[in-house]
Amino acid sequence: MVNMGPQHPSTHGVLRLRLVLDGETILDAEPILGYLHSSKEKLFETHTYLQCVPVTDRIDYLASMTNNLAISLAIEKLAEIEVPERANYIRVISSELQRLASHCFAQGTLINDMGAWHTPLIYFIKERELILDMFEMVCGARLTYNYIRPGGVSQDLPPEFFPAVGKFLEEFPGRLDEYRGMLWENEIIRARATNVGVLPRDLAISAGVSGPTLRGSGVAWDLRKQDPYCGYERFSFDVPTGTTGDVWDRFAVRFQEMYESIKILSQALEALPPGRFKADVPIVIRPPEGEAYAQVESPRGMLGFYVVSDGGASPWRCHVRAPSFINLTPLREMLIGHKVADAVVIIGSTDIVMGEVDR
Amino acid sequence: MTRALSGEELATAVSPEAVIAVEAGAVFVLPENVAEVCLALRDRQGFDYLLSVTAVDYLDYFDVVYHLLSLSKNESAVLKARLSGRDGLSLPSVVPVWKTADFQEREIYDLLGISFDGHPNLKRIMMWEGFPGHPLRKDFLEFDHRTFAGSGSEGVERG
């Protein structure tokens with residue numbers, strides 16, 4: 001019996017695994033969670049709806065934009081707030097840039113886990129830095145944005161944003177092709193990823209897995225297509241899926257998703273209409289009594305918020321449907337039979353963020 | 001778009017003896033029937049995917065809320081079960097129906113104190129073994145963050 005974590009350079013946050021080993025082979029694995037639990041769902045109950053938005057930033061801290069978006073959609077459903085068109089386009093632009101930044105980080109760290117050390121990681125982080133600079137232009141923050149609010153977004157895209165994103169969209173696809181050239185036929189990556197950590201399709205569906213982890217197992221389910229929000233149905237893009245559900249498929253799906261995000265970004269920027277960036281919403285929103293559930297396709301999967309209102313200034317209950325938490329459900333089955341070194345790669349391929357797992 | 005089944009539609013999909021109340025967007029079933037109803041919804045109505053299972057503390061009772069999804073039909077539904085009182089609450093686990101309930105039911109047990117009969121591994125998941133109480137309950141007092149009148153469960157006694 002070997003304990004892995006909670007502090008471990010390769011467990012992507014404070015994930016603890018209790019492994020039963022026979023030599024290097026994993027016979028059983030039990031994830032032990034809660035090291036980053038900070039009672040966010042309890043905090044929601046004593047904060048006003050607007051104050052809840054920055055709390056959501058810290059749930060999946062590598063994709064704050066989609067956290068803000070999911071809770072805003074739920075509050076808008078509950079309080080029947082209509083969002084202006086320009087705000088919807090800005091939301092799509094923010095979400096897709098966020099997806100790129102998050103996937104850059106996820107791919108970089110995964111390749112690092114496979115033993116490529118930091119070179120590809122730093123290349124991906126360099127790309128992510130460009131996106132973080134753009135987010136800083138838009139809302140002043142690099143990681144926790146508090147940008148997408150109930151009713152729209154907190155401020156309009158500033159003039160300096162457009163040349164920056166234009167330049168990024170011109171140059172990034174070429175660099176992405178370059179990275180693809182280096183990584184795709186790399187025999188070490190292939191050897192460490194093919195048939196490793198297989199998640200069979202039926203288990204994936206029963207375990208409630210979502211996002212690239214689900215699509216890697218061959219299920220073509222993406223909320224942006226199946227249940228579009230913020231006008232995603234207007235844009236033309238594909239949803240990549242895998243076949244085997246191994247680490248390679250999840251890696252390839254995320255990689256291809258980056259190309260698809262670039263497509264959506266170009267279309268959204270081109271069609272961005274003039275107008276208001278936010279509806280008139282009071283600072284203290286008091287939605288009528290009732291409940292609402294809204295979800296978005298975050299870089300990690302289906303992120304949903306179930307909000308119950310008692311008519312007051314705070315939610316009575318606000319539950320986060322956290323994809324990273326739920327995606328860990330079949331982890332044991334994915335690890336058994338593999339070596340300890342593979343455990344690191346398999347966890348990396350599920351792209352979990354402990355803030356979302358533990359909340 | 002995902003089509004959300006209304007309470008009425010879901011009530012016809014579930015066997016009539018099991019439904020005790022119908023809301024606009026959800027159906028209430030007796031807690032002891034939850035596992036059978038879910039099995040029927042999965043096998044006969046195509047709800048192959050459990051999006052989320054959670055619970056809400058309403059002071060005099062708790063509601064366990066199931067958000068269901070059919071990947072094949074692109075439909076969603078909400079199922080609820082009401083447990084009266086605050087102590088010794090339990091209902092059947094739906095882990096045999098959808099494996100995803102494993103961690104989510106453990107979270108409800110840990111944070112809200114509701115037990116799930118038949119759960120393969122019912123133990124705390126966020127808090128440590130031996131933690132006193134169930135933190136997400138309304139009577140679990142913590143630092144009062146309220147900055148606004150009317151924010152935060154005004155009817156509940158706070159420390």
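## Two helices in chain A

In helix H11 of chain A, the residues A:Val247, A:Arg250 and A:Phe251 meet A:Val345, A:Ile346 and A:Ser349 of helix H14 of chain A, where contact means that C-beta atoms, placed from the backbone, lie within 7 Å. By class, this contact has four nonpolar, one polar and one charged residues; Ala, Val, Leu, Ile, Met, Phe, Trp, Tyr, Cys and Pro count as nonpolar, Asp, Glu, Lys and Arg as charged, and the others, Gly among them, as polar. Helices (H or I, at least four residues) and strands (E, at least two) are DSSP runs numbered from the N terminus.

The axes of H11(A), residues 247-271, and H14(A), residues 340-350, come within 9 Å and cross at roughly 35°, the axes being lines fitted to C-alpha atoms over the stretch in contact, with angles from 0 to 180 degrees between N-to-C directions.

## About the model

This is a predicted model, in which local features need pLDDT of at least 70 and side-chain atom pairs count only at pLDDT 80 or more, while totals for chains, interfaces and linings use all residues. Residues are numbered from 1 along each chain as its sequence is written, and chains are lettered from A and ligands numbered from 1 in the order in which they are written.

## Where the chains meet

Between the chains, 37 residues of chain A are in contact with 33 residues of chain B. On the side of chain A that touches chain B, the largest share, four residues, comes from strand S8 of chain A, and the residues of this side divide into 16 nonpolar, 14 polar and seven charged.

## A contact list in chain B

Leaving aside neighbours within four places in sequence, B:Leu68 is in contact with B:Leu41, B:Phe47, B:Leu50, B:Leu51, B:Ser76, B:Ala77 and B:Leu79.
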